[in-house]
Amino acid sequence: MSAFSLRFREKAVDGPSVSLLEKQDNRIMLQFSFLLLLSLVPPLEANDNGNTTFTSLPFKMRLPDSVRPLHYDLLIHPNLTFLNFTGSVQIQLEVRQETKHIFLNSKNLHISRALLLGSRHPHLLQLQESEHFEQIALSSESLTFTRGLYVIQLDFSANLSDTFHGFYKGTYTTRNGEVRALASTQFEPTHARAAFPCFDEPGFKANFSIRVRREPRHISISNMPKLKTVELAGGLLEDHYDVTVKMSTYLVAFIVCDFLSISKRSQHGVEISVYTVPEKISQAEYALNTAVTLLDFYDDYFDIPYPLPKQDLAAIPDFQSGAMENWGLTTYRESGLLFDPEWSSTSDKLGITKVIAHELAHQWFGNLVTMQWWNDLWLNEGFAKFMEFVSVNITYPELQVNDYFLEKCFTAMGVDSLSSSHPISTPVENPAQIREMFDDVSYQKGACVLNMLRDFLTPEAFKMGIIRYLKNHSYQNTVNADLWYSLTNICQSNDLDSGRLKADGFCSDSKSRTSASKWYMDDDLNVKAIMDTWTLQEGFPIISVEVKGREVYLKQERYLKGADPAKNSSFLWQVPLTYITSSSSSVQRFLLKNRKDVLYLPAEVEWIKFNVDMRGYYIVHYETGGWDALIRQLRQNHTVLSGNDRASLIHNIFQLVSIGKVPLDKALSLSLYLRYETEIMPVTQGFGELVPLYKLMEKRDMATLEHQLKSYLMNLFQRLINAQRWSDEGSVSERILRNYLLLFACVRRYGPCVQTAQELFQKWKESDGKMRLPADVRLVVYTEGARTEEGWDFLLEKYRQTLYPSEKSQIKAALSYSPLADKLKWLIERGLEGDILKTHELPSLVISVSKNPQAYKLAWDFLRTNWQKLVQKFDLGSSSISRMVVGVTNQYSTREKLVEVQSFFSSLEQGMGAGLRSVQQAVENIEENIRWMDKNVPLLTHWLNSHSI
């Protein structure tokens with residue numbers, strides 16, 4: 001009897017809430033049901049030859065909805081000696097509409113046999129393949145698939161991929177220099193089809209029974225708990241895993257390796273384990289405790305129990321993405337999961353906590369409820385990005401995670417201000433287009449728009465709505481409108497569970513509601529109409545504010561760099577405005593639905609500040625003296641405004657310079673107050689606006705102006721830099737800011753910083769790297785050491801030896817900052833080989849080198865020379881490719897470089913990157929840089945000559 005008949009159970013759709021006895025009873029009943037199903041398939045003669053053919057069948061990019069999978073029984077057998085794998089899959093199908101062909105996805109698989117399982121004997125199916133569409137079609141001349149249930153079997157084989165997706169090979173090196181192999185999966189978005197034939201679209205959810213064959217020296221891990229291990233002939237073992245809940249193919253995962261693990265049970269009874277290579281298991285404890293805390297938090301917050309009996313977190317030595325939310329088996333880069341109190345920095349702890357929070361949020365947003373198609377990817381990624389801040393703020397308040405949310409919105413706006421941007425929800429079809437959706441718009445803008453909506457509806461109403469969304473659509477697929485419906489008329493809903501969802505009398509106690517309540521209780525409120533303006537059109541608005549006495553005149557238009565304003569006349573948003581004034585710190589609210597409107601103040605004010613704490617996804621321009629009043633307030637007492645408000649003012653005014661709304665000298669005048677600033681967000685935003693200006697000059701012959709601007713920055717922050725200690729003391733934000741400031745000071749060759757860093761590096765080197773440096777200044781010390789050949793070589797050797805991902809990351813960054821161009825050329829070339837530097841680290845290294853004033857040309861030359869290899873390794877449209885394209889070129893500001901970049905990418909074939917959105921972004925960024933320099937260099941020169949601090 002096939003494993004399929006023993007393992008499939010229809011009740012899996014409800015989640016694994018049945019007892020073990022019920023499971024056994026289900027399997028017996030389903031064995032009988034399966035035999036009955038086979039008996040209903042008409043007896044057929046095996047008269048087809050079963051060979052693969054390539055024909056002109058009507059393949060389309062999307063699979064037809066007339067055939068749907070119900071259950072997969074998958075056997076996978078990787079060979080880690082010969083680096084290939086074999087497999088077999090039986091798929092139970094429901095044919096909903098009569099058809100001659102069954103279409104499904106397959107990529108780079110050799111399918112040796114395709115069968116229709118019947119009551120007498122299997123029936124051989126003919127297989128036709130389209131490489132372009134990554135599909136196969138199954139058929140038989142003697143058969144039409146009428147409505148009903150069928151079971152097909154496909155036997156296949158392939159090489160383990162040498163990329164970072166599909167079922168791919170990986171290696172790690174032990175302390176003794178032994179190289180060990182493993183095999184792991186990365187299926188999102190469209191790579192499950194490279195591991196087994198399947199219906200590889202998120203809307204085709206099914207249950208999976210997985211078996212993995214392995215050698216005794218390895219273990220296997222998959223989505224579900226292991227039921228048993230069977231000994232096979234030849235010394236092989238076969239692990240049998242419990243049937244999964246109903247889920248999409250991109251969430252399937254299996255790993256064959258020799259990892260060790262540590263485990264702990266959550267308060268809700270979920271077994272949580274962290275897997276790492278054996279020599280790094282001591283670094284797994286923080287991730288384990290964090291995962292337990294966060295999974296329990298989400299379980300309570302969403303009021304929906306985590307539906308699996310276990311949750312594994314695996315640190316993969318070769319991993320392109322930051323992490324992946326496979327249901328029950330989340331996977332991570334080692335640097336995204338492993339933490340050591342002695343070696344890891346505060347920023348490492350913050351980053352690890354956030355990435356675990358992100359992937360565990362996906363267990364509900366993305367896994368339990370999944371977007372219907374990749375055009376609504378943001379329903380997965382925007383929510384997970386948003387929830388990582390919500391969850392960490394509550395569970396780990398000492399990490400001060402909210403200090404870093406603004407930066408996500410500013411990053412998104414940088415992309416969203418270009419003509420090449422796209423709506424949050426935008427049509428995509430082919431795999432390259434789908435991969436390009438994994439960008440700052442889907443993640444960061446998605447999160448920022450949700451944060452704005454939460455503030456708009458109030459946190460209580462928003463939480464009720466998303467719980468309603470998750471409960472109503474569990475194990476299903478959704479579109480944008482499903483979310484908006486769930487967030488509409490929260491308190492009037494009849495489909496909410498009683499108890500927790502209406503806890504604290506929120507819906508009945510009008511006194512407890514904030515001033516925002518009028519927005520969601522208003523009979524005219526249409527959440528869909530409001531949010532469609534933020535998700536179905538690209539870009540964001542600039543709100544122009546003019547105060548005349550008690551009247552505040554408002555006007556909205558699209559913020560867009562470098563384009564004809566007439567092109568934006570059709571854009572209109574419904575904007576939830578917030579504001580405070582010089583007379584009142586109480587937040588006032590106004591929903592701007594029209595292109596122009598007026599609001600009235602109770603009395604005249606000295607200044608008004610819109611977009612309180614930058615909770616809205618828009619920027620503000622203060623006309624006729626509005627900016628002057630705010631600048632005066634910052635100089636007199638900047639603490640009247642919150643740190644986020646100050647950071648948003650810095651950001652907004654420099655963005656307005658870019659489109660000519662504000663002259664550069666006014667923005668620079670605002671920056672003068674920064675000499676008294678101490679909080680991380682305004683300080684880093686000040687750097688974020690001013691450092692890119694001199695980075696443009698580093699790549700042109702403008703040494704005098706470049707050094708003037710650097711001196712201005714040094715003088716602006718010298719007081720704050722001098723106050724820093726070379727220690728690990730202080731709050732999380734203070735410690736992260738310390739690293740930022742000291743690194744800037746040493747790179748700028750500030751004497752006291754350079755002297756201390758050199759002394760510490762020399763002591764550390766003399767101890768052969770055994771002396772403990774404060775974790776939060778270690779990067780500064782390494783960067784100073786990497787300036788000499790001897791120091792660079794010593795650091796590289798320590799990079800090879802260390803088992804701590806945190807130290808590897810810091811050393812890699814320090815090496816890339818070095819002025820030794822020959823060393824950097826050698827390092828990035830070795831990165832492509834993967835022997836010294838893991839190849840998944842290459843994109844960030846190339847981008848870092850591109851910012852190096854002594855070596856930036858190397859990065860562009862490397863990108864052009866190795867483009868084909870990079871696309872093959874990282875995949876066309878992937879975030880790794882996109883980040884390199886934009887990151888390597890975004891500091892160019894000459895017409896010569898513009899032509900060079902355009903010429904290279906236009907020379908490529910369409911399938912090799914000519915039409916990538918990231919290429920359009922790169923070109924627009926250079927064009928914007930040219931415009932900025934042409935217009936503002938004379939003004940900048942004059943202002944710096946007349947201002948010394």
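Colleague: What makes 62% of the 949 residues count as buried?

Modeller: Buried means under 20% relative accessible area, with exposed over 50% and partly exposed in between (1.4 Å probe, protein chains only); 62% of the 949 residues of the protein count as buried. This is a predicted model, in which local features need pLDDT of at least 70, side-chain atom pairs count only at pLDDT 80 or more, and totals for chains, interfaces and linings use all residues. Residues are numbered from 1 along each chain as its sequence is written, and side-chain values use heavy atoms, leaving out hydrogens and water.

Colleague: Why are strands E17 and E20 said to stand at the edges?

Modeller: Five strands form an open sheet with mixed pairing, in the order E17-E18-E19-E21-E20. Strand E17 (260–265) and strand E20 (323–324) each have a single partner strand, so one side of each is left without a neighbour in the sheet. Strands here are DSSP runs (E, at least two residues), and helices are runs of H or I with at least four, numbered from the N terminus.

Colleague: How do you know that E18 and E19 pair?

Modeller: Two strands pair if DSSP finds at least two bridges between them. Five bridges join E18 (residues 271–276) to E19 (residues 310–316), so they pair, and they run parallel. Glu-271 stands opposite Lys-310 in E19.

Colleague: What is the span of helix H13 set against?

Modeller: The expected span is 1.5 Å times one less than the number of residues. H13 (residues 626–637) has 12 residues and reaches 17 Å from its first C-alpha to its last, close to the 16 Å expected. Its buried residues include Trp-627 and Leu-630.
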